[in-house]
Every structure is written in structure tokens, then in C-alpha cells.
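Please walk me through this structure in short steps.

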Amino acid sequence: MSSLLVAEWRRMVIDLVRYPLETVSMMVVMFAVFAGMFFGAHYLTAAPISGPNLSGVVIGYTVWTLVMNASGFMGYSIQNETQNGTLEQVMLAPWHTVQIFLVRGVMDILEMLLPVLVVLAALIALSGAKLDWRLLAAVPALMTIITAWGIGLMMAALALLFKRMNQLQLMIQFALLFVIIAPVATIAGAWGHVLGVLAPLSVQVSVLHATLAAAGHGASATLWWEAAADMVLWFVAGYWLLTAADHLARQRGIIGHY
Amino acid sequence: MLAADGLVKRFHSRTGPITAVDHISIAVAAGEVLAFLGPNGAGKTTTIKMVAGLIRPDQGRVVVDGVDVTGRPALAASRLGAVLEGSRNLYWRLTCLENLIYWGTLRRLTPAVARQRAGELLRMVDLEDRQHNSVQTLSRGMQQKLALCQALMHRPQLVLLDEPTLGLDFASAEAIKATVRQLGTEGVAILLTTHQMDVAQQLADRLAIIRAGQLVLTGRTEEVLTRYSRPVWRVTAGEAFSAGQLAAARTLGWPLEQPTPKDLLVTPPEDDPAAIYRLLDVLRPAAIRLVERHQADLAEVFQQVVSGGGEAL
């Protein structure tokens, strides 16, 4: 597994360094977005937004961006490889298809997270603001991303079979936005509760919110367990679906088709 | 090194199922080059992709160096390399060296070993001075040589080459052929498909010809060419044969044609090794420039076999 990680890490670094304008532009955009969060509220509310509120906004936005990437990148990678004519070589590598695209998904998150951390550090230094960050919040944040990877594996499965799926990908990301924003996890009633637990990302986001909440009570043990179970469910479903799609694509002989 | 046994692959189309590959069995030993030939749509690429594990056969089994490709795909993949036609095989935005290190590391080499191996291969195909150029700036021939290097990074025991010299200029094609020959001497088994019969004839130890999904001819290259050669001798003179010389040749009683005034095609008895000398005797004093027995080339064999004149196995 380490050689796969090394191979993809090196390719990611080369890509970042090879196209500096792209990398710098990405960081400028991030800087502008976070600067808007740090300073924008000051102009709107005539009072600086700080402490837990600022942390909630920054972490929420960061996790949301990572979720969008985690759920979309693997499918995009397969589409891109097919279009460029390199997918068959990738599939000839001595790794399970899930391993290859999952590692790529992890690298994509790192590629996104590293500049975010640099930009945030710069903004904190410039503004003197303080982020009320709790280490424990990293756990639900990671659970949210792992759940999104599960969805990403499902998108990769669809991309392997259907190749072109940009519109579907947009629709699914829109649906994810809904389940994250809407209080699905708190729907009343037994069925509502089941729906809330089964819906992807909703429970993990609830745990994240509770962990970051100013009151500091944190999420209940039940919510933690539900978030963990939901994460495992979506990740295993993604793993299974991509494995099945890989089998079907080889059966139909359509791996390299575009 | 490769044993593909009873491979069958059917695809479903709007008009019903199509049998692309119909009970094909091929084997390639270590150090051997097998040319797998056939017209477009005969099933060559489907077969190669079944061998590579990219297409799952409906029936049959592929074993690479003792490893079942379907049962243990990752282990089998570590023992084979492929240059696939219609694929780029490389990342165009990366340099030659970066590509080789990436593909080598992806195939479980450490970066240091991959770098060393990449250097060896780039030297072998004379691309060392282009190692820092991105692939998109290379000529088609250079890209193909690099694609071959990519397939060789992890020292596979079996290499699949689908149209490796297609669209290449003379020098690039010669370089690829030289590399293939060298691989053969190093004990690598090579399964080669090509529409260029001269390339197949120069490289292949054995031939397998496929037509409409079925194997219609296999054998050692020399034996196949000999089998398809006719016992016809061409005698060419410096000037036109005289009527007297022709009449004298006809007295021998053998089938005789005169395609041009300076050429005779004669079919002497096959069991008489001295017959050709008797012919030359009666043609005296013609200025004979060339005497040769017909030797089939692969293009001729292929034409006969795929047009239905070849023997079915």
C-alpha cells in the first residue's frame, strides 16, 4: 500500500509544482473566501465575528468543501483517465480498483487541505483572530469525510460504467447539500429518526456541530454511535458498489470505452 | 509463461450476442515472441485484454507464470506489462522520467529503484537526453518507446504489445523491434499483435492467426512459411530467353510459365534434388542472373489464411 501512496503523493506534488499559476490562483481564491469570513461579518454586523462562531463558520465551510471534493473526485478521476486514455494502464496496476481510487481521493483531500491550512495560518497571523478549535472536532470532521468517500466510491462506480456523468454528479452534490443543511438528523418520529441516521453525512455533521458548539456539551454517545454506523454503512456500500462495477466493467469489456 | 486455455467472449449488441472470441487457446514460453495476427475485428485486442485481465472471459482461463489472472488479478498484474493500442499509456503532462517513476512505483517499486530502472530503460531506448521533457512534446515514435519502457519498469515476465509499431517511422520502428528482440533474449515472453506482416515475420518465433474469433493457424514461423511455400523455381536471365531455350526447357516435361521474357517459373519434381541442374543445363548458354525457390512471406500466408484458403486447426 505504501508504494501506491508514494506514487500518488509524488504525482500530486508534481502537479502542484508544475502548474504554479493554478496552485497560486487556488490559494488566492481560498484566501479571499476565508478573508470574507474573517472580516466580512465585521462590516455587516459592525462587530467582529470571533471565537466559537468564527470557528464554526470556518470549519463548516472547510468541511463542506472537503466533502464536495471527497464525494466527487474519484468519479472525476475515472472520467478524466478514460478521456485521456490512461484508465486501462491504471487498472493494470497490481492493486484493487478501490484502493487505487481511494488513495487518489485521500491525496485530493490532502492537496486541498494543505493550502487551506497555510491560508488559515496566514489569516490568523494577519487578523489576530483566534479560532476556537477543539481537537475532538477532528474526529467527526474525519467521519464526515470518510462518509463522503463512500459516496465518492459510488460515483466512481457509476463513472466506471457510464463514463460521462457530470450532470448526475452535480445533482448528487446538490442532494448532499440538502441533507447537510436540512436538519434531517433531528426529524421527529421513529421513521424520521431512521431516515436521519441512514442519510449520509447528516449525522456526522450533527456531531461536528455539537462538538463545536459554544456550550461545549458535545454530542451524545448515541449520536456518536449513529454517526459511526452511518459512516461504516456508506463507506462499505461505496466499496461494494465500486467492486461490483469493476467486475461488471471487466465482464462487459468497457473499461477503456469512452 | 502464458497459458490461455479455451477463451470465449461474447458481447451483447442490439442485434443479439456476438462471439468475439471463440475457444481460443494460446501459449507463450519464456523468451518467445508469439505474433497474434488477424484482420480488424477478428478478436485480437479482446484476447489480449482477456490475457491482461481487463476483460473477463465468459469461459476459459488465463494463467501467467502460474498465476490465474481472474483468481489473483493483482499478483498476475505484477507479472505482466502491456502497451495497448488506442491508449496513451502515459501521462502527457508528466516528463518521461516522472512517468516512469510513477508507473514503476505504482507497480510496487521503491522510488529509488524506479528511478534507477527508469534510467536504464531510457538509455536502452535512447531517450536519456529527453528524460526531463514532458511526454506531450515527444514525437509519436518517442512516445511509443516510452510506453514500452513504462510496461517494462517492473521487469514483467510477460509483455503484451498491441500494435507497437503502428504509425512509426522507420527508425522508431527499428528501435522498437530491437527492444523486443532484446527482451526475448532476456527470457521475457512477448505476445505481439500487428497488422504489419513484415514486423511479425522479423520478430515472431511462432504465429497464431485468428479469423472471426477462431484460431485458424498456429505454428513456428519458419515452419509455417515453408508449409505455404510452393515448389516453384524462378530462373531469371540477363536477357530474354530464346525460343530454342524455351523449347529445350519444355522437353523436360515440367509445368513452365514465362511471366516476362527474362523470367521462367518452373515446377520440377520435388523428390529430385538434381532437377534444377538439368534445367540449367538445357538453358545454356543463357546468362542466368538468379535462381530461387519460391519462399512464402507472412503477408502471403496471412492473405491465404484469412481469405479462407488456410487450413483450419
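A:Asp246 sits in helix 10 (residues 221-252) of chain A. Helices (H or I, at least four residues) and strands (E, at least two) are DSSP runs, numbered from the N terminus. This is a predicted model, where local features need pLDDT of at least 70, side-chain atom pairs count only at pLDDT 80 or more, and totals for chains, interfaces and linings use all residues. Residues are numbered from 1 along each chain as its sequence is written, chains are lettered from A and ligands numbered from 1 in the order in which they are written, and side-chain values use heavy atoms, with hydrogens and water left out.

A:Asp246 has a relative accessible area of 10%, so A:Asp246 is buried. Buried means under 20% relative accessible area, exposed over 50%, and partly exposed in between (1.4 Å probe, protein chains only). Leaving aside neighbours within four places in sequence, A:Asp246 is in contact (heavy atoms within 4.5 Å) with A:Met91, A:Thr97 and A:Leu160.

A:Trp240 also lies in helix 10 of chain A. Its relative accessibility is 57%, so A:Trp240 counts as exposed. A:Trp240 and A:Val98 are 142 residues apart in sequence, and 9.1 Å apart in space, C-alpha to C-alpha.

Now turn to chain B. Its mean pLDDT (the predictor's confidence in each residue, from 0 to 100) is 92, and 98% of its residues reach 70 or more. Within chain B, confidence is highest in strand 3 (residues 33-37) of chain B, at 97, and lowest in helix 11 (residues 298-306) of chain B, at a mean of 91.
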